[in-house]
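Biologist: I have a new structure open and would like a short walk through it. Can we start with how two of its parts are arranged?

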Amino acid sequence: MIGLLVLAVLTALATVLWPDLTASLIFSVCLFVPLLVWARKVFPAEERPYLTRLVVFAFALRLAGAYLVEALALMEKHDALKYHWIGFRVAELLLGGRVEEIYGWMRSSGHPGYYFLVGVIYAIFGPNILLGQNLNALASAFTVVPIYFLGREISPDPRAARLSVLAFA
């Protein structure tokens with residue numbers, strides 16, 4: 001109980017000090033935990049602890065990279081700005097009820113599904129470049145699951161699948 005109280009106080013403090021970072025982190029963890037629970041059901045029992053740790057490590061590594069890029073202000077030529085800007089525009093169109101204009105924007109931009117997903121997230125939670133980056137980190141971390149099963153399909157030796165996901169992480 002005391003641990004939850006400390007976590008609540010730290011979260012409140014972090015929200016005041018770093019609102020964008022904290023909001024994106026809470027969003028990411030709220031998506032990550034249920035996906036990890038689902039993924040653990042898919043993992044073979046003998047590999048479950050290893051793969052769970054690896055997915056958590058891959059996600060944490062990708063989040064750390066996203067926050068480091070943001071903290072060091074390395075964004076000026078980063079492609080995340082393009083996704084952020086188009087996602088922001090899609091969110092404006094969604095909230096303004098001009099859904100018919102979205103198709104043209106997304107079609108001409110190259111990655112319509114991701115832009116639309118970022119736009120929907122921005123429409124719900126507000127524009128925050130870290131939300132888009134964390135969504136990308138989430139998808140990338142869970143790519144460990146199909147890579148593991150592909151490794152098991154190619155080689156009956158589970159060590160081959162373990163090495164393949166470790167190399168990806």
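**A helix pair**

Modeller: α8 and α9 are roughly antiparallel to each other, a label used for angles over 145 degrees. This is a predicted model, where local features need pLDDT of at least 70, side-chain atom pairs count only at pLDDT 80 or more, and totals for chains, interfaces and linings use all residues. Residues are numbered from 1 along each chain as its sequence is written, and side-chain values use heavy atoms, with hydrogens and water left out.

Biologist: At what angle do the axes of α8 and α9 cross?

Modeller: Roughly 150°, and the axes of α8 (residues 144–154) and α9 (residues 158–168) come within 8 Å. The axes are lines fitted to C-alpha atoms over the stretch in contact, with angles from 0 to 180 degrees between N-to-C directions.

Biologist: Which residues make the contact?

Modeller: From α8, V144, I147, Y148, G151 and R152; from α9, P158, A161, S164, V165 and F168. Contact means heavy atoms within 4.5 Å.

Biologist: How many of those are nonpolar, polar and charged?

Modeller: Seven are nonpolar, two polar and one charged. Ala, Val, Leu, Ile, Met, Phe, Trp, Tyr, Cys and Pro count as nonpolar, Asp, Glu, Lys and Arg as charged, and the others, Gly among them, as polar.

Biologist: Now the whole chain. How many helices and strands?

Modeller: Nine helices and zero strands. These are DSSP runs, H or I of at least four residues for helices and E of at least two for strands, numbered from the N terminus.

Biologist: And what share of the residues is buried?

Modeller: 36% of the 169 residues, where buried means under 20% relative accessible area with a 1.4 Å probe, protein chains only.

Conventions
Buried means under 20% relative accessible area, exposed over 50%, partly exposed in between (1.4 Å probe, protein chains only). Angles under 35 degrees count as roughly parallel, over 145 as roughly antiparallel, 65 to 115 as roughly perpendicular and the rest as oblique.
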